[in-house]
Amino acid sequence: MNTDELEYALLKAERRVLEIQTKLHRWACDDPHRRFCDLFNLVADPAFLLVAWDRVRGNKGARTPGVDGRTAPSIEHGRGVEDFLGELRTSLKEHSFAPLPVRERMIPKANGKLRRLGIATIRDRVVQASVKLVLKPIFEANFHPCSYGFRPGRRAHDAIAETVMFATNRYEWVVEGDITACFDEISHSALLERVRQRIGDKRVLALVKAFLKAGILSEEGTLRDSRTGAPQGGILSPLLSNVALSVLDEHFARLPGGPLSNTVERAKRKRHGLPNHRLIRYADDWLLLLAGTREHALGMRDQAAAVLAPMGLRLSEEKTRITHIDEGVDFLGWRIQRHRKKGANRRYIYWYPSRKAVKAITGKIKMLCRRMDTNQPLDALLRQLNSALRGWCAYFRPGISARTFCYLSAYLWGRVMAWLRRKHRRITWKELRRRYCDGRWWPSGQELGMFNPAKVRTTRYYYRGVVGIPSPWPITG
């Protein structure tokens with residue numbers, strides 16, 4: 001199959017997959033208790049497998065091999081995509097498909113600890129992506145609006161905007177939730193029980209269980225069983241983690257004073273000294289905002305721990321804190337805190353990049369400038385710096401970030417100029433500015449100019465609410 005034929009086949013496959021996903025989502029919304037019993041044929045459908053292959057091929061990890069040593073480019077240039085997907089579909093239909101163990105890689109975290117990453121084979125990734133294409137529109141009908149991580153059309157900025165909105169409206173006490181090793185400790189039996197509430201197809205359930213039980217090949221080459229958790233880095237893992245953590249959403253949604261309470265009920269609870277609350281969750285990071293007292297927040301924290309326990313999850317004692325909005329909270333890289341406005345007596349909620357986020361980007365600038373050989377041209381350094389800075393500034397642009405951007409601009413200038421001074425140890429500042437700054441102060445290469453964070457204009461990201469976030473699968477029509 002040549003490139004043009006493959007692109008045309010992919011276009012048709014995407015259209016077919018979208019139509020089927022829309023139907024599944026509509027049926028799931030119409031009947032919240034419906035169990036879907038004939039889904040395996042969709043997992044093995046050529047259109048779903050082709051779209052799944054395209055998702056895997058377009059991922060950054062396409063060149064990272066699993067335990068079999070194969071990558072997406074090696075399959076394309078070897079046996080070909082058509083033969084690969086044909087053989088994969090045959091193994092699924094004949095029930096001979098069995099996932100291989102994931103290759104374990106330990107990634108260092110900022111606090112000095114290690115995060116376990118599981119790298120599946122390309123073959124397993126394609127099947128996981130196909131299963132996800134089938135299951136996602138079904139479980140999306142059950143997920144609550146307070147969940148924002150790994151969901152279509154939702155982003156971290158929505159979670160931040162909702163936090164700011166409720167904190168402005170007197171939800172002043174915050175439970176900062178942190179789940180210990182969430183992806184590693186999810187109970188398989190509890191997770192599969194929640195999946196069975198919606199999925200009745202035993203073949204699909206067997207596939208999900210097989211991926212969970214596939215095993216782990218450590219960096220030392222030893223094979224061990226995976227008795228708990230979903231491999232972090234797996235395509236299916238974010239959806240399964242959302243299914244597991246939705247117990248938290250459901251619990252706090254049902255409680256009095258939650259999102260299902262109307263204005264009159266919340267006002268009545270306030271008069272009687274009872275708390276009102278809102279949960280905001282992005283994957284395993286979550287905040288519980290309360291309009292009440294610190295004692296109410298302590299009780300809510302204990303409730304959250306009790307709800308997560310049956311799923312095999314526990315709250316971190318050192319990272320789960322109860323704070324007041326005047327003290328500030330860190331969430332998804334942002335610092336959210338109430339300050340007195342300069343020149344006025346009124347206090348407002350401000351949100352800006354956290355110290356941890358600023359330290360991360362300045363550390364990356366420092367690392368890139370240290371690693372870049374001074375024999376390389378300035379353009380080689382700027383190419384890496386500009387890419388990192390543009391992404392960081394784009395994420396933090398919708399906030400009170402102007403002062404941080406100015407600080408970052410000054411730090412960047414100092415690091416790049418120090419690199420140029422190491423590159424040309426014997427020339428004067430005047431000559432350095434003539435060569436790289438066109439007689440001014442901001443350096444640029446022969447092909448690239450250095451990105452200036454101070455020139456990034458900040459914006460305001462408005463809270464879109466429950467109905468303002470569009471779904472890729474419309475319920476009506």
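**Strand pairing, helix packing and an aromatic cluster**

In this predicted model, strand E4 (residues 216-217) and E5 run antiparallel and are joined by two bridges. Within this pairing, Ile216 has Arg224 of E5 as its bridge partner. Both strands belong to an open sheet of four strands, ordered E2-E1-E4-E5, with mixed pairing. Strand E2 (114-119) and strand E5 (223-224) stand at the edges; each has a single partner strand, so one side of each lacks a neighbour in the sheet.

Turning to the helices, H9 (residues 188-196) packs with H11 (residues 237-254) at an angle of about 85°, and their axes are 9 Å apart. The two helices, H9 and H11, are therefore roughly perpendicular to each other. On the H9 side, the contact is made by Leu191, Arg194 and Val195, while H11 contributes Leu240, Val243, Ala244, Ser246, Val247 and Glu250.

In one of them, the ring centres of Trp334 and Phe396 lie 4.9 Å apart with their planes at 55°, so the pair is tilted. This pair links distant parts of the chain: Trp334 lies in strand E10 (residues 334-340) and Phe396 in helix H15 (residues 378-396), 62 residues apart. Trp334 is buried, with a relative accessible area of 0%, and Phe396 is also buried, at 3%. Both residues are part of a cluster in which ring pairs link Trp334, Trp392, Tyr395, Phe396 and Phe405.

Note on methods. Residues are numbered from 1 along each chain as its sequence is written. This is a predicted model: local features need pLDDT of at least 70, side-chain atom pairs count only at pLDDT 80 or more; totals for chains, interfaces and linings use all residues. Side-chain values use heavy atoms; hydrogens and water are left out. Axes are lines fitted to C-alpha atoms, for helices over the stretch in contact, and angles run from 0 to 180 degrees between N-to-C directions. Angles under 35 degrees count as roughly parallel, over 145 as roughly antiparallel, 65 to 115 as roughly perpendicular and the rest as oblique. Contact means heavy atoms within 4.5 Å. Two strands pair if DSSP finds at least two bridges between them. Rings of Phe, Tyr and Trp (its six-membered ring) pair if their centres lie within 6.5 Å; planes under 30 degrees apart count as stacked, over 60 as edge-to-face and the rest as tilted. Buried means under 20% relative accessible area, exposed over 50%, partly exposed in between (1.4 Å probe, protein chains only).
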